[in-house]
Amino acid sequence: MPSSLSDRSQWPDPVSLGSHVSLESLSLGIVETNSWTSAMVACDAMGKTANVVVIQAEWTDMLGAVIKVAGMPSDVRTAVEAGAYAASSMQQLRSSLWITR
């Protein structure tokens, strides 16, 4: 597990996302939920909706969970929106965001 999201050595290999992707063009998406179950549902929705790679799924100090994904900006945005929708349908969404370069 990466110790920091700024440690890009732990980010996915761009080749796994397609030959047209460079490391500099990757975006980061984060969905935070109130429970592990809702995080797994969100993670499933994110992976099935867009071409993203899950970087990390972790517990938070506040008994919630965070899912972090990487991919092309449009895919990350689509995945985060799908994950946020899945978690909010369970009334468990805390926050969601995507960061692009």
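## Salt bridges in the model

A search of the whole structure, which is a predicted model, finds four salt bridges.

## Pairs within a helix

In one of these salt bridges, the side chains of Asp-44 and Lys-48 meet, with a distance of 3.3 Å from N to O. Both residues belong to helix H1, where Asp-44 and Lys-48 are four residues apart, or about one turn of the helix. Asp-44 is partly exposed, having a relative accessible area of 40%, whereas Lys-48 has a relative accessible area of 67% and is exposed.

Another salt bridge joins the side chains of Arg-77 and Glu-81, at 3.2 Å from N to O. Here the two residues lie in helix H2, which covers residues 73–89, and Arg-77 and Glu-81 are again four residues apart, about one turn of the helix. Arg-77 is partly exposed, with a relative accessible area of 43%, and Glu-81, at 39% relative accessibility, also counts as partly exposed.

Where in the chain do Lys-68 and Glu-58 lie? The side chains of Lys-68 and Glu-58 meet in a salt bridge with an N to O distance of 2.2 Å, and this pair links distant parts of the chain, since Lys-68 is in strand S3 and Glu-58 is in strand S2, ten residues apart.

Is Lys-68 buried or exposed? With a relative accessible area of 9%, Lys-68 is buried, because a residue under 20% is placed in that class.

Strands S2 and S3 belong to an open sheet of four strands, whose order is S2-S3-S1-S4 and whose pairing is antiparallel. The edge strands are S2, made of residues 52–59, and S4, made of residues 93–99, and each of these pairs on one side only. On average, neighbouring strands of this sheet are turned by 15° against each other, if direction is ignored.

Strand S1, residues 27–33, runs antiparallel to S4 and is joined to S4 by six bridges; in S4, Ile-99 is the bridge partner of Leu-28. Helix H1, which spans residues 36–49, lies across S1, S2 and S3, and runs at about 15° to S3. The helix that holds the pair of Asp-44 and Lys-48 therefore lies across the two strands that hold Lys-68 and Glu-58.

Technical notes: Residues are numbered from 1 along each chain as its sequence is written. This is a predicted model: local features need pLDDT of at least 70, side-chain atom pairs count only at pLDDT 80 or more; totals for chains, interfaces and linings use all residues. Side-chain values use heavy atoms; hydrogens and water are left out. Two strands pair if DSSP finds at least two bridges between them. Axes are lines fitted to C-alpha atoms, for helices over the stretch in contact, and angles run from 0 to 180 degrees between N-to-C directions. Contact means heavy atoms within 4.5 Å. Buried means under 20% relative accessible area, exposed over 50%, partly exposed in between (1.4 Å probe, protein chains only).
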